[in-house]
Amino acid sequence: MLFKNTPSPHIKDNSSVQNIMLMVLYGLIPGTLAAIYFFGWGILFNLSIAISTCLLTEAIILKMRQREVAPTLLDGSALLTACLLALALPSLAPWWLVVIASFFAIAIAKHLYGGLGFNPFNPAMVGYIVVMISFPLEMTLWTQPMGVNSGWPDFITTFNWVFLGLLPFGETIDSLSMATPMDLIKTQLNQLHDITETRNSAEYSPLFSGISGTGWQWINILFLAGGIWLIIKGVIDWRIPTAFLISLVLISNTFSVIDYSTNSSSLFHVFSGGTMLCAFFIATDPVTASTTPQGRWIYGASIGALVYIIRDWGGYPDGIAFAVVLMNIAAPLIDYYTQPKVYGDLDR
């Protein structure tokens, strides 16, 4: 009987870069819709500007490197980077800020190192860090969420501010924007020295409805749902998000038990800011994250610890981008010391 001989590997996997990127984009949809609902037109503007800039930058650099443009643009990696970056940036970010962040994400963080698969740092987080450090004031311009005061501004007002830098007569940017719950807790604690006073103050109490602030808990819950779906589909590994969330919960709960007046609860940390976006869509980046089973536990738990440290004692309200990039640096070392035992190797 004749058998057909073929070269290894003999286990075929139908997944491709394009399929994986599309699945991750599908997982982002519920949380993105919630972000648009609670923060308005600015999120859509961020998405449109970031997607256009990332794709254009990718195409230009591929052309300069004499690479095929269409296949790379269609793999979805630049599109996913743009979406993650747009969701991380404030909803009233000026157009030029989104362009700068998107350019750095693709041109510097991705292609400077050789393109997809060679980048040591998460491109979206590098773009975010560049504008966070360079333009701290513009990075605080979040609209008032739906359900707080008059909610987010209409299309014309948002468009004029984002693209033209103009506001209606008599309006100021302070009247349209509002700090996030995390930012308020960090800044107001310096004056009130008590989180409870900040939450219950007449000026800020509407922003702190729910377990982690108006709108934020629903956005995080829907990103959690999208992330669980990705785990079920086998797109991402469950270890990194699990380790990240367990680490963040344990550390935040410990400090809140010690002194609740100056430390937020674990529920607040888990369902506020970009926690779930980080846990399932950013920290799990297959290129820049740890790849060994044991290493993924260390990698995820370390990001959780760094996020809490930066949130509580650092100079920024949310430390996700910095925590992820710092652990991107450590990922190769973690993988080196956590390599699984090779089958048949009795000495290891």
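Me: Is Lys 110 buried or exposed, and which residues is Lys 110 in contact with, leaving aside its neighbours within four places in sequence?

Reply: Lys 110 is buried, because its relative accessible area is 3%, and a residue counts as buried under 20%. This is read from a predicted model, and the values below are computed from that model. Lys 110 sits in the loop between α5 and α6. Once its neighbours within four places in sequence are set aside, the residues in contact with Lys 110 are Glu 58, Ser 77, Ala 78, Ala 105, Gly 115, Leu 116, Asn 119 and Pro 123.

The axes of α2 (residues 41-64) and α4 come within 8 Å and cross at roughly 145 degrees, and α2 passes α4 in a right-handed crossing. On the α2 side the contact is made by Ile 43, Asn 46, Leu 47, Ala 50, Ile 51, Cys 54, Leu 55 and Glu 58, and on the α4 side by Ser 77, Ala 78, Leu 79, Ala 82, Cys 83, Ala 86 and Leu 87. By class, the residues of this contact divide into 12 nonpolar, 2 polar and 1 charged.Helix α5 (residues 95-108) holds Ser 102, which counts as buried because its relative accessibility is 0%. Beyond its neighbours within four places in sequence, Ser 102 is in contact with Ala 50, Thr 53, Cys 54 and Leu 85. Of these, Ala 50 and Cys 54 also belong to the α2 side of the contact with α4.

Helix α6 (residues 123-134) has 12 residues, which should span 16 Å at 1.5 Å a residue, and its end C-alpha atoms are 17 Å apart, so the two values agree.

Through α16, the picture extends to a second pair of helices. The axes of α15 (residues 293-313) and α16 (residues 320-337) come within 9 Å and cross at roughly 150 degrees, and the two helices are therefore roughly antiparallel to each other. The crossing in which α15 passes α16 is right-handed. From α15, the residues Gly 295, Ile 298, Tyr 299, Ser 302, Ile 303, Leu 306, Val 307, Ile 310 and Arg 311 meet Ile 320, Phe 322, Ala 323, Val 324, Leu 326, Met 327, Asn 328, Ala 331 and Ile 334 in α16. This contact has 14 nonpolar, 3 polar and 1 charged residues.

Back at α2, the loop that joins this helix to α3 (69-73) contains Gln 66, a residue whose relative accessibility of 75% is why it counts as exposed. The phi of Gln 66 is near 60 degrees, a positive value in a residue other than glycine. Most residues other than glycine have a negative phi.

Val 162 lies in helix α7 (residues 155-164) and counts as buried because its relative accessibility is 1%. Although Val 162 and Gly 42 are 120 residues apart in sequence, their C-alpha atoms are 7.7 Å apart in space. With neighbours within four places in sequence left aside, Val 162 is in contact with Phe 45, Ile 49, Ala 93, Pro 94 and Trp 95.

As for the protein as a whole, its secondary structure comes to 16 helices and 0 strands, and 50% of its 348 residues count as buried. Among contacts between residues at least 6 apart in sequence, 76% join residues at least 24 apart.

Terms used. Residues are numbered from 1 along each chain as its sequence is written. This is a predicted model: local features need pLDDT of at least 70, side-chain atom pairs count only at pLDDT 80 or more; totals for chains, interfaces and linings use all residues. Side-chain values use heavy atoms; hydrogens and water are left out. Axes are lines fitted to C-alpha atoms, for helices over the stretch in contact, and angles run from 0 to 180 degrees between N-to-C directions. Helices (H or I, at least four residues) and strands (E, at least two) are DSSP runs, numbered from the N terminus. Angles under 35 degrees count as roughly parallel, over 145 as roughly antiparallel, 65 to 115 as roughly perpendicular and the rest as oblique. A crossing is left-handed if the near helix is turned anticlockwise from the far one by less than a right angle, and right-handed if clockwise. Contact means heavy atoms within 4.5 Å. Ala, Val, Leu, Ile, Met, Phe, Trp, Tyr, Cys and Pro count as nonpolar, Asp, Glu, Lys and Arg as charged, and the others, Gly among them, as polar. Buried means under 20% relative accessible area, exposed over 50%, partly exposed in between (1.4 Å probe, protein chains only). The expected span of a helix is 1.5 Å times one less than its number of residues.
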